[in-house]
Amino acid sequence: MVTMLLDSTQLEVVLSGAERAMAFRKGNVVIERSTITKVQLTDDAWTWLRGVPSPGTHLRGVVAMGTWKSAGGDDFAIIRRHRPSVVIDLEGHPEFQRIILTTRHGLELVQALRLDLADEASDVVDIAAETGTIPTVPARKPRSRKTAAAPAV
């Protein structure tokens, strides 16, 4: 899963070594906050994918990583399976029109983008946790299975 670092001027999508290799990218994706026009949460990022990988890795329904070229512009995608994702629309970014990321921290990103932050980059999860804007969900108790004794023969 990607790590998102945010400060007062930019959002940085930190890629792991495997993600860099599959996306055919040497470095992280850096987005100026002023270029972000819209952030949307989605349950299935595959519906937002447009164009063809160039360069990138694509296994339908499993993984899509890299740059995707289409008539609407270039997009950057890190998509794994059919998991919750975030779609970031950009305007004026030198490389991309849209960023699509599979992450379970989309809500934290939206909340952190609404805040005025310090010049030091921090993980969006930590930012949202410090402000107390993330609702805490109590841990679920594991279900206990009741087993019936087998009848004696």
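Reply: Gladly! Let's begin with Asp 89 and Arg 98, which form a salt bridge whose closest N and O atoms are 3.2 Å apart. The term stands for a side-chain nitrogen of Lys or Arg within 4 Å of a carboxyl oxygen of Asp or Glu. Keep in mind that this is a predicted model, in which local features need pLDDT of at least 70 and side-chain atom pairs count only at pLDDT 80 or more, while totals for chains, interfaces and linings use all residues. Residues are numbered from 1 along each chain as its sequence is written, and side-chain values use heavy atoms, with hydrogens and water left out.

Me: Which residues are joined with Asp 89 and Arg 98 into one network?
Reply: Lys 38 joins Asp 89 and Arg 98, through salt bridges that share partners. Between Asp 89 and Lys 38 the closest N and O atoms are 4.0 Å apart. Asp 89 lies in strand β8 (residues 85–90) and Lys 38 in strand β4 (residues 36–42), so this pair ties together parts that are 51 residues apart in sequence. Strands here are DSSP runs of E with at least two residues, helices are runs of H or I with at least four, and both are numbered from the N terminus.

Me: Is Asp 89 buried or exposed?
Reply: The general idea is a cut-off on relative accessible area: buried means under 20%, exposed over 50%, and partly exposed in between (1.4 Å probe, protein chains only). Asp 89 has 12%, so it is buried. Arg 98 is buried with a relative accessible area of 12%, while Lys 38 counts as partly exposed at 43%.

Me: How many salt bridges are there by this rule?
Reply: The count comes to six. One of them links the side chains of Glu 19 and Arg 80 at 2.6 Å, N to O. Glu 19 lies in helix α1 and Arg 80 in strand β7 (residues 73–80), so the pair ties together parts that are 61 residues apart in sequence. Glu 19 counts as buried, at 1% relative accessibility.

Me: Now the sheet, please. What order do its strands have?
Reply: In general, strands of a sheet pair through backbone hydrogen bonds, either parallel or antiparallel. Here an open sheet of six strands runs β4-β8-β9-β7-β6-β5, with mixed pairing; two strands pair if DSSP finds at least two bridges between them. β4 and β5 (52–59) stand at the edges with a single partner strand each, so one side of each has no neighbour in the sheet. β5 pairs with β6 (residues 63–70) in the antiparallel sense over six bridges, and Leu 59 has Val 63 in β6 as its bridge partner.
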